[in-house]
Amino acid sequence: MVVESIGTTSLLRHSPVFGLHYSKDVGGKRKVVNFVKIPRTEFVGRKLVCSTSSRGEEVACPMRRMTLVKSQAMGLAQEAYSYKDEERLPRNFNYGSENDVDRKPGLWPPENKADNAALHNPLLRQERMGCGWLGAIFEWEGVLIEENPDLEKQAWLALSQEEGKSPPPNFITRRIEGMKNEQAISEVLCWSRDPSQLKRMASRKEEIYKALQGGIYRFRPGSQEFVNVLIHYKIPIALVSTRPRKTLESAIGVIGIEGVFSVIVTAEDVYRGKPDPEMYMYAAQLLQFLPERCIVFGNSNQTVEAAHDARMKCVAVASKHPVYELGAADLVVKRLDELSIVDLKNLADIDSPEFGEPELEMELEEEADPSSSSSVAFDDNFW
């Protein structure tokens, strides 16, 4: 304790005084005891008086010493609240998506979930952190190919007649848009909860729809051109649909775009359809992309809701809904060829959540008007 006190007072420009003191122990022997005396300080007028002896011998210090004392004390306070060097520059430089440790504010570089330290090529790491590193997730009907919404309603009405169920009204058929057949039958229509019956009715509904559709598929205007642009820029493309895989693969073969999609997610791959984000999250996982760097292309508000729940951006195609009903999407277009690669890069720009929230700017408070009645005046002579 004596050593720490000496160190502290020495930093504050107090000189400790050493001395000797003679005393006797219990046996009456005389022994020498070392002591340390710390000078006392007090204010007298405009001078700082340092006293080191018990008899009141005083040494007058100039006012300049007070400034030095203040500066030394401020330096000690700053050191006490500053971070350690090893905390300022952590030993682990892996800022990948698996690093969820809270970092202190003011550290550099900022955390970027898109970075991957396992990539030893710095050019690949830089490209990955740029806004050009993105993936596209497309829906099938109404986005890439033409869709007839009436066929879906007719398929449900035909199935209800075969099963002896009451036909679903229009608001119910709108609600089950984008859902898996099993999910719609058990949760919305409430026709059955038996897994075998659900599978049988879901398969029968798809057979009815396929018969009504006739196996005729054609691109929507501008869709094929936009897909070619994505292929040119080497942007990976995923396809998601609640149709069975066999139906989807045969449709892809009919219009001749085999090998375009890096990932295909169908009804067999997920448990729930829209508005649950499961399909989109699984597609992003297969693409090995962050959800924040994936852009979903759909044509309904259920798609917009699911994409935003998955932390993805959404481009809505006004194919069966008017533009004003799709205002919740990040972009709304009538044709896909209205988009450019720059539009997609702007959606995947640095405003994404992986770069953290922007710093809030402090607003300066307006000074109160001294002439106002609510202001309080202070007398300088009071102090």
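How many aromatic pairs does the count come to? I applied the rule that rings of Phe, Tyr and Trp (its six-membered ring) pair if their centres lie within 6.5 Å, with planes under 30 degrees apart counted as stacked, over 60 as edge-to-face and the rest as tilted. The count comes to 5 aromatic pairs.

I noted the basis of the entries: this is a predicted model, in which local features need pLDDT of at least 70 and side-chain atom pairs count only at pLDDT 80 or more, while totals for chains, interfaces and linings use all residues. Residues are numbered from 1 along each chain as its sequence is written, and side-chain values use heavy atoms, with hydrogens and water left out.

**Entry: ring pairs.** I looked up Phe138 and Phe226, whose ring centres are 6.2 Å apart with planes at 70°, so the pair is edge-to-face. Phe138 belongs to strand β6 (residues 135-139) and Phe226 to helix α9 (residues 223-232), 88 residues apart. For these elements I used DSSP runs numbered from the N terminus, with helices (H or I) of at least four residues and strands (E) of at least two. Phe138 and Phe226 are both buried, that is, under 20% relative accessible area, where exposed is over 50% and partly exposed lies in between (1.4 Å probe, protein chains only). Ring pairs link Phe138, Phe226 and Phe297 into a cluster.

I then turned to Trp156 and Trp191, with centres 6.3 Å apart and planes at 70°, so this pair is also edge-to-face. Trp156 is in helix α5 (residues 149-163) and Trp191 in the loop between α7 (181-188) and α8 (195-213), so the pair ties together parts 35 residues apart in sequence. Trp156 is buried at 2% relative accessible area, and Trp191 is buried at 12%.

**Entry: Glu141 and Arg243.** I located Glu141 in the loop between β6 and α5. Glu141 counts as buried at 18% relative accessibility. Its side chain makes a polar contact with the side chain of Arg243 (3.1 Å); the term denotes a pair of N or O atoms within 3.5 Å, where within protein one must be able to donate a hydrogen and the other to accept it, and residues adjacent in sequence count only if both atoms are side-chain atoms.

What does the charged end of Arg243 sit over? I found the charged end over the ring of Tyr209, 3.9 Å from its centre; the criterion is NZ of Lys or CZ of Arg within 6 Å of the ring centre and within 35 degrees of the ring normal.
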